[in-house]
Amino acid sequence: MWNPVRALRSTIKSTPDTVTIIPQRMNFEFRNTPRHWFDNEPVQTHLLNALSLTFPDGERFFVDSVRHFRKQATSQKQQQEISGFIGQEAMHSLEHDTFNKMLAATGYQEEAEGGQNLAQKIIAGGRKRLSPKEQLAATAALEHITAIMAQWLLSDPSVLEKIDPSVRQLWFWHAIEETEHKAVAFDLLQQVTDGDYLTRVRVMAPATWFLMAYCFVYTGAFLKKDGLHNKPLVIAKGLWALAKPGGLFASVVPAWFQYFKPGFHPWDDDDSAEIAQWRASLSAALETLQQSSAQTATGPAGAAAA
């Protein structure tokens, strides 16, 4: 029955030579972060908060699924990309752990701890029930989701500007690195499965369902903590912001379906030329932030000395 489908083959493409996958520990500090840090809007903020709760353990799952098969990588370049992928994902786990601790410290302790515990249980279930190849396929599928979310965040400067400066650089940095390594797990999967189409696509729908269900539950939990879960106008406004043209859902849904094309590859959408520009913008923003922090730290001492 499945032979015609299994006869389909996906493609393998090299990461563009202009893209380097280099881990970077950022040591972000989050101070004076408003409760609704995305566009002063609770639904979108808490959707991203819920997503962040999945990252520490989710990134470790991604790393383990790729590491399991890395010996099958066929070139030095691919081995370097896998090393970069593992390092970047490890840093994402650490930085979002810090972000999640900030959420817990600012009034969301029950939600942050409960959300991370649930994420751990879901991921542990995936490790138990899925074969190593299926775990790698789940990683490739979820990496596509994070890559298209990153594209939404990066392609329109007005979206990034909606994020409060206290946390903006975390999401900016994470989105850039998701773009840089968006094909690493995918290409390894194609080698491990000889490009088998069915192995690649059959995990996408359930993986998406689990992620959406989780985010729905914990977006609701954060809203309930704020006393907004029973405010229809607030929720409707947030949902419209997600669904309208340019919103997260409206932007990622068409790109999500691209994954099911037989010849799909993450670098079909080649945004490698923009990565250097985004990196430069990030560096400039971080430098400005560091200067501002230094001035704040030395200000009282300087005033006393004067």
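**Aromatic Rings and Burial in a Predicted Model**

Student: Why is Trp209 called exposed?

Tutor: In this predicted model, Trp209 has a relative accessibility of 57%. The class "exposed" requires a value over 50%, so Trp209 counts as exposed.

Student: Why does Phe210 count as partly exposed?

Tutor: The relative accessibility of Phe210 is 45%. Partly exposed residues fall between the 20% limit for buried and the 50% limit for exposed, and Phe210 is therefore partly exposed.

Student: How many aromatic pairs are there?

Tutor: The count is 18 aromatic pairs.

Student: What makes the pair of Trp209 and Phe210 edge-to-face?

Tutor: The ring centres of Trp209 and Phe210 are 5.3 Å apart, with 85 degrees between the planes. A pair needs centres within 6.5 Å, and planes over 60 degrees apart count as edge-to-face. The pair is therefore edge-to-face.

Student: How do you know that Tyr259 and Phe260 form an aromatic pair, and of which kind?

Tutor: Their centres are separated by 6.4 Å and their planes by 85 degrees. With the limits of 6.5 Å for pairing and over 60 degrees for edge-to-face, Tyr259 and Phe260 form an edge-to-face pair.

Student: Are Tyr259 and Phe260 buried or partly exposed?

Tutor: Tyr259 has a relative accessible area of 0% and is buried, the limit being under 20%. Phe260, at 25%, is partly exposed.

Student: What sits over the ring of Tyr259?

Tutor: The charged end of Arg200 does, at 5.0 Å from the ring centre; the distance limit for this is 6 Å. In another such arrangement, Lys182 lies over the face of Trp267, 4.3 Å from the ring centre.

Student: Which residues have the most contacts inside the largest nonpolar core?

Tutor: That core has 82 residues, and those with the most contacts inside it include Trp37, Phe99 and Trp171. Helix H4 (residues 132–155) supplies the largest share, 13 residues. Trp37, Phe99 and Trp171 also belong to one aromatic cluster, together with Phe28, Phe30, Phe38, Trp152 and Trp173. Beyond its neighbours within four places in sequence, Phe99 is in contact with residues including Phe30, Trp37 and Trp171.

Student: Which residues of helix H11 are buried, and how do you know that they share a side of H11?

Tutor: In H11 (residues 248–258), Leu248, Val252, Ala255 and Trp256 are buried. These residues cover an arc of only 110 degrees around the axis, which puts them on the same side of H11. Their cover includes helix H2 (42–67), H4, helix H9 (204–225) and helix H10 (232–243).

Definitions and conventions:
Residues are numbered from 1 along each chain as its sequence is written. This is a predicted model: local features need pLDDT of at least 70, side-chain atom pairs count only at pLDDT 80 or more; totals for chains, interfaces and linings use all residues. Side-chain values use heavy atoms; hydrogens and water are left out. Rings of Phe, Tyr and Trp (its six-membered ring) pair if their centres lie within 6.5 Å; planes under 30 degrees apart count as stacked, over 60 as edge-to-face and the rest as tilted. Buried means under 20% relative accessible area, exposed over 50%, partly exposed in between (1.4 Å probe, protein chains only). A charge sits over a ring if NZ of Lys or CZ of Arg is within 6 Å of the ring centre and within 35 degrees of the ring normal. A nonpolar core is a set of buried Ala, Val, Leu, Ile, Met, Phe, Trp, Tyr and Cys residues joined through side-chain atoms within 4.5 Å. Helices (H or I, at least four residues) and strands (E, at least two) are DSSP runs, numbered from the N terminus. Contact means heavy atoms within 4.5 Å. The arc is that of the directions from the helix axis to the C-beta atoms.
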